[in-house]
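Subject: Structure handover

Hello,

Here is the structure I said I would pass on. Please open it beside this message, and read the notes below with it.

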Amino acid sequence: MIVGITIITVSILVNQVTKETFSKNNPGLDAVVGAKGSPLQLILSSIHHIDIPTGNISYKNARKIIKHPAIKSAIPISLGDNFQNFRIVGTNKSFLKLYKANLISGTAWSQPMQAVIGYNVSKITKLKINKFFVGSHGLIDTGDVHGEQPYKVVGVLKKTGTILDNLILTSLDSVWNLHSVTNKDKLEITSLLLKYKNKTSSFSFPRLINKGTNMQAASPSFEISKLLKLTGNAHRIVDYLSVLIMILSFLGILFTLLNNINERKYDLAVLRTLGFSRWKLFSIILSEGMIISILGSTIGLIFGYIVYESMYYFSIVGRSLELGQLSFLNDLFLIWIIVNIIAFITCLVPCIKVYKQNIRSTLLNS
Amino acid sequence: MLICEDISFDIDGQKLFSNINLNIKPQKDLLITGPSGVGKTTLLSILCGIQKPTTGKITYNSIDLYNLPENKIDEFRGKNLGVVFQNFNLINTFTVKQNLEIAVSAIDTKKSIPFFNILDRVGLANKSHIKVANLSIGEKQRLAVARAFVGDPKWVFCDEPTSSLDDKNANIIANLIKEESLRCKASLVLITHDSRIQTLIKFSKILKLGDE
């Protein structure tokens with residue numbers, strides 16, 4: 001039972017938290033435009049900051065897209081560096097508005113090499129306002145640092161529960177300066193985060209980009225739903241497995257109790273002769289079964305929660321998917337209730353057997 | 001007062017006994033004798049509320065026993081009756097003391113039970129932590145007697161308490177039953193085919209079942 005509940009708890013938590021996290025990380029973006037390659041990779045790298053980018057695109061070409069009449073807003077981002085595995089994102093201040101981010105302290109950047117850090121970045125790296133740090137080349141910490149040009153922290157963001165908590169934001173100029181790109185025609189960005197003026201553009205605009213340019217436009221909702229469908233199948237298999245384990249646990253409780261009362265039927269009959277009523281014995285057997293079930297299901301939930309919390313902890317440390325905070329206690333409580341209701345019904349079988357026991361014949365046969 | 005009116009019992013349509021009438025006043029004794037197979041143990045089960053009679057009525061101080069709901073019969077037996085079964089009906093996996101404790105927990109009494117005194121009276125004080133399975137027949141019989149009297153019952157029923165014992169142990173058990181009955185001011189109903197019992201205990205009444 002403990003194993004079954006643990007698996008089902010982790011499965012539910014991860015499944016729901018993943019869905020919630022993917023949903024939270026996307027503040028209503030309609031498309032992402034980036035270098036050609038896997039559209040899912042583009043979405044994961046540009047919005048969820050999990051994967052590596054598909055490549056860079058020309059900022060000159062990107063500006064043309066920004067000015068396109070179908071586009072309501074377009075935010076350029078430029079990736080490539082990190083600090084202690086936290087991604088440094090070159091962008092403009094609209095990025096802060098996009099996530100409705102507020103500052104705990106300091107201000108947004110106003111000149112190159114100034115940075116605003118997310119809540120988790122500040123918490124884990126202990127960076128504070130006016131402190132300097134040096135970015136490393138690449139999206140994971142390789143030790144290849146840009147030591148000659150340190151960033152200065154000018155602002156710390158409030159917790160948002162989104163990927164923003166794990167990012168270091170700076171201006172696009174900072175990224176370009178750091179990589180010594182001076183020729184304006186050769187400026188590059190990683191991707192553009194787009195919102196359409198009209199939802200009907202979601203059909204025509206990607207086609208325009210995908211066929212007419214050397215870039216691609218990918219829809220976050222489409223790509224993520226594809227991903228969730230794939231992972232959903234895996235979750236379903238895990239869920240079926242845990243349900244199977246649960247059924248085996250219930251059968252285990254049933255046969256344990258039946259075997260137990262069969263071995264103790266003489267003792268139970270003796271207890272009746274001593275004055276224990278049928279109901280008293282019924283409740284004793286029921287209590288025994290329910291103690292096993294309640295303990296098993298509670299320990300399972302605790303184990304499941306510990307596994308989930310470990311994953312959550314490693315998700316911060318590993319800067320991968322931000323699983324978010326536990327907000328599914330109701331679902332877990334519901335599962336706990338259902339499991340114990342089924343256990344209660346299962347326990348009734350041996351209890352009824354005890355209730356119907358004929359003490360005289362049991363004592364005579366013993 | 002225990003009153004039995006027209007008690008009869010059938011097994012598969014065959015009469016085991018019929019029209020048994022008894023009247024036992026408080027603190028009086030009754031000996032029920034008879035050859036094996038005449039229904040002595042069945043009668044004891046009926047009197048204790050373990051086996052419902054085919055016909056008849058049993059009243060304890062105006063309480064019609066078999067008119068009570070089944071759960072209440074169990075509770076009534078626990079609170080008012082002490083039973084020494086022929087095969088003891090002890091819980092073998094429990095210790096001597098645990099067998100007394102479980103009997104007390106059935107009574108649901110709030111008064112503290114002097115287990116040591118009870119075991120001392122039956123000569124088992126130094127064996128309180130020994131499992132019943134490791135006791136001799138005589139010790140088991142003494143424990144069964146101690147358990148029957150642990151809740152200070154008003155009526156005590158003993159089924160063949162001496163039949164499997166030698167003269168010395170039969171004497172010890174008979175005296176023990178008599179002493180404990182007097183201490184609890186209980187009425188004693190003893191069922192046996194052991195003829196030695198009448199020399200060991202003087203009974204106010206004797207009922208003979210079957211032809212002897």
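A residue is called buried when its relative accessible area is under 20%. Keep that cut-off in mind for the strand described next. The model is predicted.

Strand β13 of chain A covers residues 215-218. Met215(A) and Ala217(A) point to one side of this strand, while Gln216(A) and Ala218(A) point to the other. Which of these four are buried or exposed? All are buried, which means that each has a relative accessible area under 20%.

β13(A) also has a partner. Strand β1 of chain A, residues 31-35, pairs with β13(A) in the antiparallel sense, over 4 bridges. Within this pair, Val32(A) is found opposite Ala218(A).

Now to chain B. Four of its strands make an open sheet, and their order is β2-β1-β4-β5 with antiparallel pairing. Which strands are at the edges? They are β2 (14-24) and β5 (63-64) of chain B, and each of them pairs on one side only. Inside the sheet, β1 of chain B (residues 2-11) and β4 of chain B (residues 55-60) run antiparallel and are joined by 5 bridges. Ser8(B) stands across from Thr55(B) in β4(B).

The rest concerns where the two chains meet. On the chain A side 17 residues are in contact with 22 residues of chain B. Between them the chains bury about 1,800 Å², and 52% of that is on carbon and sulfur atoms. Which residues of chain A lose the most area to chain B? They are Thr273(A), Leu274(A) and Arg360(A), together 34% of what that side buries.

There are 2 salt bridges across the interface of chain A and chain B. In a salt bridge between Arg278(A) and Glu70(B), the side chains come to 3.0 Å, N to O. Polar contacts between chain A and chain B number 13 residue pairs, counting pairs with both residues at pLDDT 80 or more.

Which helices of chain A take part? α9 (265-274), α10 (278-317) and α12 (359-365) of chain A each supply at least two residues of the side that touches chain B. The largest share, 7 residues, comes from α9(A). Sorted by class, the side of chain A that touches chain B holds 9 nonpolar, 3 polar and 5 charged residues.

Regards

How values were computed. Residues are numbered from 1 along each chain as its sequence is written. Chains are lettered from A and ligands numbered from 1 in the order in which they are written. This is a predicted model: local features need pLDDT of at least 70, side-chain atom pairs count only at pLDDT 80 or more; totals for chains, interfaces and linings use all residues. Side-chain values use heavy atoms; hydrogens and water are left out. Contact means heavy atoms within 4.5 Å. Buried area is the accessible area (1.4 Å probe) that two parts lose on being put together, summed over both. A salt bridge is a side-chain nitrogen of Lys or Arg within 4 Å of a carboxyl oxygen of Asp or Glu. A polar contact is a pair of N or O atoms within 3.5 Å; within protein, one must be able to donate a hydrogen and the other to accept it, and residues adjacent in sequence count only if both atoms are side-chain atoms. Ala, Val, Leu, Ile, Met, Phe, Trp, Tyr, Cys and Pro count as nonpolar, Asp, Glu, Lys and Arg as charged, and the others, Gly among them, as polar. Buried means under 20% relative accessible area, exposed over 50%, partly exposed in between (1.4 Å probe, protein chains only). Two strands pair if DSSP finds at least two bridges between them.
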